Amino acid sequence: MQRQEFVQQLWLDYVHTHPDIGALRLWPLSTAAEYLTLVTLNYGPFAAAALTGNLAHMGYRAMGHYAMADKGLLVQLLAPSDGSSWLVLAELQIGTLSKAPREAIEGLVQQSHPQDCKGHNLLCRGRPWPMPSWALYQQLQQAHPLAAWIAVMGPRLHHAGFDCGQLGEPLKTLDQRLSEVGMPSLEGQQNGVFTVSSLLDHRFYPTTPQKTVFANGDEHRLCLGGLALAQKHVEDNHERIADLLLPHHTRCEMA
């Protein structure tokens, strides 16, 4: 798979899952995201170590590794060889979960079909294992919200982030427009996955909760992702937003 095809599949899966984002017309449809936040877990073929090999073949190179112990995450920042969207690959460390939820999510992942556990498109083909029960989702939600998200969504694109500088409008203006179309932002530097660096002004916009059908037929409305906007405090024409995204103190120095 070529990088352009991979990104297109990621995006099509993203807007299919979040139709309210697909319907937005606040900036040109041709505008590429500054970065794409992908969420996976360190288990089997879905571990970052297995995925990054395929991503490297598509021209993505590692720009930094980050550890967020308070969130049970290891994060890799990957840059393409051209000016297109960077990738933020967030890997949930299931060893940080207590025994019961860890074994529960392992049991769920082990039910994946072998054909859904290989190939270049592991991140854009949807959940490869059966839908969990509502009770299991609640158990995982209590243990770690991202564990519950992964159980329902699978390894996938969680949210796209846009650079207000590229959109040609200040964050304050775009924030107001999104609020007017029914997508108010969360307060603070959170986005449901990682904490964003204080070098940026950042807003995260959860999508409208969608009806989700669980294994036993239970139906519940869940918010399963969103959209982010970021703006530099100081415009300098050098570093990309993506390169400033993650807090510097979480960066791992590689030997």
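This is a predicted model: local features need pLDDT of at least 70, side-chain atom pairs count only at pLDDT 80 or more; totals for chains, interfaces and linings use all residues.
Reader: Which residues of helix H3 are buried?
Author: In H3, residues 48-57, the buried ones are Ala48, Leu51, Thr52 and Leu55. Buried means under 20% relative accessible area, exposed means over 50%, and partly exposed lies in between (1.4 Å probe, protein chains only).

Reader: What makes the buried residues of H3 line one face of the helix?
Author: Seen down the axis of H3, they fall within an arc of 100 degrees, so they line one face. The arc is taken from the directions that run from the helix axis to the C-beta atoms. The face turned away from the buried side carries the exposed residues Ala49 and His57. The buried residues pack against H1, E1, E3 and E4, where contact means heavy atoms within 4.5 Å.

Reader: Why is the link between Asp82 and Arg3 called a salt bridge?
Author: A salt bridge needs a side-chain nitrogen of Lys or Arg within 4 Å of a carboxyl oxygen of Asp or Glu. The closest N and O atoms of Asp82 and Arg3 are 2.9 Å apart, so the pair meets the rule. Asp82 lies in the loop between strands E3 and E4 and Arg3 in helix H1, so the pair ties together parts 79 residues apart in sequence. By this rule the count comes to five salt bridges.

Reader: How do you know whether Arg3 is buried or exposed?
Author: Arg3 has 14% relative accessibility, so Arg3 counts as buried. Asp82, at 39%, is partly exposed. Arg3 also lies over the face of Tyr60, at 5.8 Å from the ring centre; the rule asks for NZ of Lys or CZ of Arg within 6 Å of the ring centre and within 35 degrees of the ring normal.

Reader: What makes the pair of Trp134 and Phe214 edge-to-face?
Author: Rings of Phe, Tyr and Trp (its six-membered ring) pair if their centres lie within 6.5 Å; planes under 30 degrees apart count as stacked, over 60 as edge-to-face and the rest as tilted. Trp134 and Phe214 have ring centres 5.1 Å apart and planes at 70 degrees, so the pair is edge-to-face. Trp134 is in helix H5 and Phe214 in the loop between strands E7 and E8, 80 residues apart. Both are buried.

Reader: How many aromatic pairs are there by this rule?
Author: The count comes to eight. One of them joins Trp11 and Tyr14, at 5.1 Å centre to centre and 55 degrees between the planes, and is tilted. Both residues lie in helix H1, three residues apart, about one turn of the helix. Trp11 is partly exposed at 30%, whereas Tyr14 is buried at 1%. Ring pairs link Trp11, Tyr14, Trp27 and Phe162 into a cluster.

How values were computed
Residues are numbered from 1 along each chain as its sequence is written. Side-chain values use heavy atoms; hydrogens and water are left out. Helices (H or I, at least four residues) and strands (E, at least two) are DSSP runs, numbered from the N terminus.
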